[in-house]
Amino acid sequence: MTKTLWVPLFLGIASLSAPAFAGAGNFVLVNKTGAAISSVSVRRAGTSSWRPLGNGASNGGRTTITFQDPDCAFDIQAKLGDGQTVTYSGVNLCDVSTVTLNRSANGNQWVDYD
């Protein structure tokens, strides 16, 4: 290639922007478990190492979780004030602003996203 072709090629490549951060980020945790959450931890789905995220929220309350990770699929573990520990498996934490942890009186549990 001649020198005159390298300059436009270089400028074209340099003008490409880097891809946006793809992964999990900060979110608001809403507690609809029926009990206060004393602490919240996450682990990448399929792993065994829990990472503490901090304190939870009172029943019906919400708290901001500060969190960054390049992955999306996580298990969330909530330690409840009633002595139980509940785990929500395979939670997608990418592109969400609010994660609501739900638990019914008969023990069914699910996650809602906003």
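A word on ground rules: residues are numbered from 1 along each chain as its sequence is written, and side-chain values use heavy atoms, with hydrogens and water left out. Since the model is predicted, local features need pLDDT of at least 70 and side-chain atom pairs count only at pLDDT 80 or more, while totals for chains, interfaces and linings use all residues.

Let's start with the rings. A pair of aromatic rings is described by the distance of the centres and the angle of the planes. Rings of Phe, Tyr and Trp (its six-membered ring) pair if their centres lie within 6.5 Å; planes under 30 degrees apart are stacked, over 60 edge-to-face, and the rest tilted. Searching the whole structure turns up two such pairs. F27 and F67 have ring centres 6.4 Å apart and planes at 85 degrees, so this pair is edge-to-face. It ties together distant parts of the chain, 40 residues apart: F27 sits in strand 1 (residues 27–32), and F67 in the loop between strand 4 (62–65) and strand 5 (73–80). Strands here are DSSP runs (E, at least two residues), numbered from the N terminus.

The other pair is F67 with F74, also edge-to-face, at 5.2 Å centre to centre and 80 degrees between the planes. Together, F27, F67 and F74 make one aromatic cluster. F27 has 2% relative accessibility and counts as buried (under 20% relative accessible area, with exposed over 50% and partly exposed in between; 1.4 Å probe, protein chains only). F67 and F74 are both buried too. Leaving aside neighbours within four places in sequence, F67 has contacts (heavy atoms within 4.5 Å) that include A24, V42, R51, L53 and L93.

Two strands pair if DSSP finds at least two bridges between them. Strand 1 pairs with strand 7 (residues 98–103) in the parallel sense over five bridges, and N31 stands opposite L101 in strand 7.

Terms used
Helix = DSSP H or I, 4+ residues; strand = E, 2+ residues; numbered from the N terminus.
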